[in-house]
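Dear colleague,

Please find below the structure that I am handing over to you. My notes on it follow directly after.

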Amino acid sequence: MPSVFFSSLCRVPQGAPFYLVMERTFIFEKTSVSTNTELKDKIRRSQRPVWDVISADVQTGGRGRQGKSFYSPAGGVYFSAAFPLKGTEDNIPFLTLSAGLAAAEALEAFGIGVQIKWPNDLYFHGKKLCGILTELVSGPGGVAAVVGVGINVNMKKEDFPPELKDTITSLAAENAPIPEKETLIKEIVSRLDTFIYAENALCAAAHYTGRINERAYLTDKRVKIVSENDSLTGTVTGIGPDGSLLLQTENGIREIRSGTVVI
Ligand code: BTN
């Protein structure tokens, strides 16, 4: 059973004098297998568009990109938010980077300066602080994107599993300010609501790439991009106008839209 449950109205301008009024329900649970999986199941069963945000103190089966698991012990902030889509959005993959920007700007509002590591992570002092998993789902109420965000907040360095301790960090481990959980979640979701519904970011990615590039972790780094049948090495020059990763290779600039980045 959820421990806290409340709704809040969110008014987003749609070009004066029109507003889209949506009611987001925030559900706070002690444990979830995966808040993304839980929210997707709910959308698959719902006759109406779902605007829920589900968070859990612990995930027993937290999921990351490419079928990987996501370390989700007590001390993190884990949540998933549903974003009903119209079907006219022309750059759905940009949702993940938009979520990264929303989370980065929300953390900055608490005095925490992070970087965006294309395509779905936030880095803090050179280590992973946050991962984002975006999944599309359709149900009787329409198509929605589920954006899941996991932020390492209170975990102690000495509690990190040995295989992760050189690559991940938490706010507590870096002696950073610790935002209040509900406020942080609402701050991220409301920024993303504004991007998607008020500013139409999924049809206007170029408008945001300046803000993403200011925080881009990979710029000027030499990386290898590994995809299913291929790998490509080069130096990252930034994020392109559609949200792709720009890689300077020996054969010119390549626009990377998917793959795993190896530094
Ligand atoms: C990644 O690092 O590859 C993405 C991790 C995404 C983790 C979040 S935590 C909340 C939501 N529920 C999940 O199972 N995954 C996402």
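Which residues touch the most other members of the largest nonpolar core? They are Ile151, Leu192 and Leu245, in a core of 61 residues. A nonpolar core here is a set of buried Ala, Val, Leu, Ile, Met, Phe, Trp, Tyr and Cys residues joined through side-chain atoms within 4.5 Å; buried means under 20% relative accessible area, exposed over 50%, and partly exposed in between, with a 1.4 Å probe and protein chains only.

Please note that this is a predicted model, in which local features need pLDDT of at least 70 and side-chain atom pairs count only at pLDDT 80 or more, while totals for chains, interfaces and linings use all residues. Residues are numbered from 1 along each chain as its sequence is written, and side-chain values use heavy atoms, with hydrogens and water left out.

Helices (H or I, at least four residues) and strands (E, at least two) are DSSP runs, numbered from the N terminus. Because domain 1 (3-214) and domain 2 (222-262) both contribute residues, this core lies between them; the domain bounds come from an automatic or database domain assignment. Leaving aside residues up to four places away in sequence, Ile151 touches Gly76, Val77, Leu129, Cys130, Leu184 and Ile188, where contact means heavy atoms within 4.5 Å. There is also a second, separate core of 9 residues, among them Leu39, Ile43, Val137 and Ala144.

In helix α1 (residues 35-45), the buried residues are Thr35, Asn36, Leu39, Lys40 and Ile43. They lie on the same side of α1, because their arc around the axis is only 130 degrees; the arc is that of the directions from the helix axis to the C-beta atoms.

The strands deserve attention next. An open sheet of 5 strands runs in the order β12-β11-β10-β9-β13, with antiparallel pairing; two strands pair if DSSP finds at least two bridges between them. β12 and β13 (260-262) are at the edges with a single partner strand each, so one side of each has no neighbour in the sheet.

Strand β11 (residues 245-249) has 4 of its 5 residues buried.

Yours sincerely
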